[in-house]
Amino acid sequence: MSVSQPSQTPGQQLFFDVIQERRSVRGYDPEIKISREELTEILRQATLAPSAANLQPWRFLVIDSPELKQKLLPIAFNQQQVIEASAVIAVLGDLENIRMAEKIYGLAVDAGLMPADTAKSFIERYTGMYSSMPPEAIRQIVHTDSGLVSMQLMLAARAKGYDTVPMAGYDKQKFMNAFGISDRYVPIMLIAIGKAAMPGHPTVRLPIDDVTFFNEMP
């Protein structure tokens, strides 16, 4: 029996356009400056990403000062997008994110999303769980959740008409030292954001049959 394919709504098509138009852009127009208000809105949309127990372990250091971008340049192996882009967003993971549990669940209570006794139970449960969890397990959760928010950030930027490139090529320890970031935080990636001076290169993807398997691996 054949299964009919549902037609795409205009909203769905716009979303797919954003996905398909996103490119890793390395050449930016240095004259284009994104306002802090607009950067904040992009970050706000990014933080709608899911996270374990809704603990939202991501933290963002937005570097938009020309002087600090010059300071970052050699740390990022002289990649020119660091100084040409409007800003560089350092995505960090908070290894002590459990400290925010009381605030997060308190806000849920205030918003009418859960009863106070449920929030209290969640806070106690996750605080106990995290206190007994090996540090490497917490680090893995933080990396996973911060990866989710990073991708959502790049899509939100594209939806706003801006371009991005995720950067893992930088000296993470030098970055932490240079910007006075404590060991409470783990560096995930840098994301340059701005307006492309030249389009990002199209890329190819493996056929879906090469990467997807149903019910069992070959």
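Contact here means heavy atoms within 4.5 Å. Helices (H or I, at least four residues) and strands (E, at least two) are DSSP runs, numbered from the N terminus.

The model is predicted: local features need pLDDT of at least 70, side-chain atom pairs count only at pLDDT 80 or more, and totals for chains, interfaces and linings use all residues. Residues are numbered from 1 along each chain as its sequence is written, and side-chain values use heavy atoms, with hydrogens and water left out.

**Helix α5**

Helix α5 spans residues 101–110, and its buried residues (under 20% relative accessible area; exposed is over 50%, partly exposed in between; 1.4 Å probe, protein chains only) are Ala-101, Ile-104, Tyr-105 and Ala-108. These residues cover an arc of only 85° around the axis, taken from the directions from the helix axis to the C-beta atoms, so they lie on the same side of α5. The cover over the buried residues of α5 includes α6 (116–132). On the face turned away from the buried side, α5 carries the exposed residues Glu-102, Lys-103 and Asp-110. Gly-112, which follows α5, has a positive phi near 75°.

**Salt bridges**

Side chains of opposite charge can pair when their charged atoms come close. With a salt bridge defined as a side-chain nitrogen of Lys or Arg within 4 Å of a carboxyl oxygen of Asp or Glu, the count comes to nine.

| Pair | N to O distance | Separation in sequence |
|---|---|---|
| Asp-94 and Arg-59 | 3.1 Å | 35 residues |

Arg-36 is exposed, at a relative accessible area of 57%. Because Asp-94 lies in strand β2 (residues 87–94) and Arg-59 in strand β1, their pair ties together parts of the chain that are 35 residues apart. Asp-94 is buried, with a relative accessible area of 0%, while Arg-59 is partly exposed at 22%. Arg-184 is partly exposed at 21% relative accessibility, and Glu-96 is partly exposed at 29%. A network of salt bridges links Arg-59, Asp-94, Glu-96, Arg-99 and Arg-184.

**Ser-51 and the annotated span**

Ser-51 is found in the loop between α2 (36–46) and β1 (58–63) and is buried, at 15% relative accessibility. According to UniProt, in an unreviewed entry, residues 19–195 carry the feature "domain: Nitroreductase". This span is 49% helix and 16% strand, and its end C-alpha atoms lie 17 Å apart.

Key. UniProt positions renumbered as here; feature names shortened; annotations may be inferred.
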